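Hello,

Here is the structure I promised to pass on to you. Have a look at it first, and then read on for what turned up.

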Amino acid sequence: MDVIIRPTKEEAAHLVARLLAKAVKAKPHTVLGLATGNTMEQVYQQLVKLHREEKLDFSLCRTFNLDEYVGLAPDDPHSYRYFMNSHLFKKVNIDLRNTHLPNGMAADLDAECRAYEYRIQEFGGIDLQLLGIGRAGHIGFNEPLSALRSRTRVKALSPVTIEQNAPLFGGAEKMPRRAITMGVGTILDSRRCILLATGAGKAGIIAKAVEGPITAMISASTLQLHPHCTVVVDDEAAGQLKGADYYRWIFENEPEWEEFR
Ligand code: GLP
C-alpha cells in the first residue's frame with residue numbers, strides 16, 4: 001500500500017484525477033471502477049477539466065460503479081446513476097452504454113447482483129477501482145461484518161451510514177434502507193485500487209483502515225491485502241496516521257511519484 005498525503009483536499013483530488021488520467025491514456029479501453037459521494041465530486045470536476053482542456057478521451061472506457069440504492073430509479077436525483085450522469089458521464093465523451101451501475105429497481109435483486117458480477121468478468125475485470133470511505137469504514141456499501149470474500153449483493157445500510165447520508169435525502173426517514181454493492185472480494189479482484197479521503201471527519205477511520213488490523217468490521221482495512229493500492233488523503237484526513245512522516249518520505253523519494261510531486 002502507498003499512502004500519499006497532500007496539503008489540501010483540492011490537491012488530493014487533483015492527484016487522484018491525474019492517476020486516473022494516466023491510466024486512461026496508457027490503456028484507452030480501461031475498465032474503471034467508479035465511486036460516488038461528496039469526496040468524489042472534485043475528482044470528477046478535475047477529470048471533466050482534463051477532458052475539456054487536454055482532450056482526455058473516455059470514448060473507449062468502460063465503467064462499473066460500486067453501488068446503487070435499492071428502490072431508486074435512474075432518474076431519481078438521489079440515485080447514484082443520476083450522480084454519475086450529472087457529475088461525469090454527461091460532461092465527457094463517454095458512451096453511456098459503456099457505463100454500468102447495479103439496477104436498484106430490478107424485480108429480482110439477487111439475479112441482478114449475479115448479472116453484475118458476470119458483466120464485470122465479461123469486460124475482463126476492473127483495471128482501476130476508485131474508492132471513497134464511509135464513516136463506518138465501508139468501501140462501496142460493505143458495512144461492518146461484510147465478508148472479506150463477499151461478491152456483489154444486497155446489503156442493509158448501517159445506522160452510521162444512514163446518519164451520514166440522511167442529510168442528502170432531507171432526513172433519515174426518506175432514505176432507502178438497502179443497497180446493491182460490489183463485495184469486498186469483487187473490489188479486491190481489481191488490478192489497482194485508489195482510495196481518496198479528505199477532511200478531519202475521516203482521520204479516525206483512515207488511521208484504523210491503514211494502520212489497524214484487517215477486520216470485517218472495517219471493510220476498507222482489507223485493502224491492506226491488495227497488491228496495488230494507493231490511499232490518497234489530505235493533511236486533515238492524515239491527522240491520526242502514526243506513520244505520516246514515513247509515508248511523506250516515501251512519496252518524496254520514490255521515483256514512481258516524481259511526476260506527481
Ligand atoms: C457512500 C458510498 C461510498 C462512499 C461514501 C463516502 O456511502 N456508498 O462508496 O465512499 O459515500 O461519502 P463521502 O465522500 O460523501 O464522505
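Are Phe64 and Tyr116 buried or exposed? Both of them are buried in this predicted model. Their ring centres lie 5.6 Å apart with the planes at 75°, so they make an edge-to-face pair. It is a link between distant parts of the chain, as Phe64 sits in strand β3 (residues 62-65) and Tyr116 in helix α4 (residues 109-122), 52 residues apart.

Phe64 has another partner in Phe123: here the centres are 5.5 Å apart and the planes are at 70°, so this pair is edge-to-face too. Phe123 belongs to the loop between α4 and β6 (128-131), so the pair ties β3 to a part of the chain 59 residues away in sequence. Phe64 has a relative accessible area of 0%, while Phe123, at 24%, counts as partly exposed. The total is 10 aromatic pairs, and one aromatic cluster is formed by Tyr69, Tyr80, Phe141 and Phe169.

Now to the nonpolar residues. The largest nonpolar core has 81 residues, and those touching the most other members are Val43, Tyr44, Leu47, Leu195, Val233 and Leu241. Helix α1 (residues 9-26) contributes the most, with 9 residues. Beyond its close sequence neighbours (within four places), Leu47 contacts Ala17, Leu20, Leu56, Phe58 and Leu88. There is also a second, separate core of 5 residues, among them Val70, Ala106, Leu109 and Ile180.

Finally, take a look at helix α7 (residues 203-211), where Ala203, Ile205, Ile206, Ala207, Ala209 and Val210 are buried. Their cover includes β1 (2-6), β9 (192-197), β10 (229-234) and α8 (244-253).

Best wishes

Key: Residues are numbered from 1 along each chain as its sequence is written. This is a predicted model: local features need pLDDT of at least 70, side-chain atom pairs count only at pLDDT 80 or more; totals for chains, interfaces and linings use all residues. Side-chain values use heavy atoms; hydrogens and water are left out. A nonpolar core is a set of buried Ala, Val, Leu, Ile, Met, Phe, Trp, Tyr and Cys residues joined through side-chain atoms within 4.5 Å. Buried means under 20% relative accessible area, exposed over 50%, partly exposed in between (1.4 Å probe, protein chains only). Helices (H or I, at least four residues) and strands (E, at least two) are DSSP runs, numbered from the N terminus. Contact means heavy atoms within 4.5 Å. Rings of Phe, Tyr and Trp (its six-membered ring) pair if their centres lie within 6.5 Å; planes under 30 degrees apart count as stacked, over 60 as edge-to-face and the rest as tilted.
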